[in-house]
Amino acid sequence: MERMRNEAMDAFVERVSENTDIVRIVQSYVPLKRRGNRYWGCCPFHHEKTPSFCVNIVDQFYYCFGCHKGGDVINFVKGIESVEF
């Protein structure tokens, strides 16, 4: 079922995303190592031996170069916990 657009809810989600440290959230699920302005680890969405999962601290998003999943902190929590918005 498609979510109806709600400006108040969209603003709330944007505030949560802006005020949440994605690295802190992701590190509670995935061991990460810092390299430059990014953190790297093995992707929690597929099995891998070599880290291809990156978290960008400047732009607050994650991306896996193996399975191509990516997004903001909200998308990460939805994906890792298998929940819908």
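Ring pairs join Tyr-29, Phe-45, Phe-53, Tyr-62 and Phe-76 into a cluster in this predicted model.

| Pair | Distance between ring centres | Angle between planes | Arrangement |
|---|---|---|---|
| Phe-45 and Tyr-62 | 6.0 Å | 35° | tilted |
| Phe-45 and Phe-76 | 5.8 Å | 75° | edge-to-face |

Phe-45 lies in the loop between strand E2 (38-41) and E3, whereas Tyr-62 belongs to strand E4, so their pair ties together parts that are 17 residues apart in sequence. The pair of Phe-45 with Phe-76 also links distant parts of the chain, since Phe-76 sits in helix H3, 31 residues apart from Phe-45. Phe-45 and Tyr-62 are both buried, and Phe-76 is buried as well.

The largest nonpolar core has 17 residues, and those with the most contacts inside it include Phe-53, Tyr-62 and Phe-76, together with Ile-22, Val-26, Leu-32 and Val-55. Helix H2 (22-27), strand E3 (53-56), strand E4 (61-64) and helix H3 (73-81) each supply at least two residues of this core, with the largest share, four residues, coming from H2. Leaving aside neighbours within four places in sequence, Leu-32 is in contact with Val-23, Val-26, Gln-27, Tyr-39, Trp-40, Gly-41, Phe-53 and Val-55.

Is Glu-18, by contrast with these residues, buried or exposed? Glu-18, which is placed in helix H1 (residues 7-18), counts as exposed because its relative accessibility is 57%. Glu-18 and Asp-59 are 41 residues apart in sequence, while their C-alpha atoms are 9.9 Å apart in space.

Conventions: Residues are numbered from 1 along each chain as its sequence is written. This is a predicted model: local features need pLDDT of at least 70, side-chain atom pairs count only at pLDDT 80 or more; totals for chains, interfaces and linings use all residues. Side-chain values use heavy atoms; hydrogens and water are left out. A nonpolar core is a set of buried Ala, Val, Leu, Ile, Met, Phe, Trp, Tyr and Cys residues joined through side-chain atoms within 4.5 Å. Buried means under 20% relative accessible area, exposed over 50%, partly exposed in between (1.4 Å probe, protein chains only). Contact means heavy atoms within 4.5 Å. Rings of Phe, Tyr and Trp (its six-membered ring) pair if their centres lie within 6.5 Å; planes under 30 degrees apart count as stacked, over 60 as edge-to-face and the rest as tilted.
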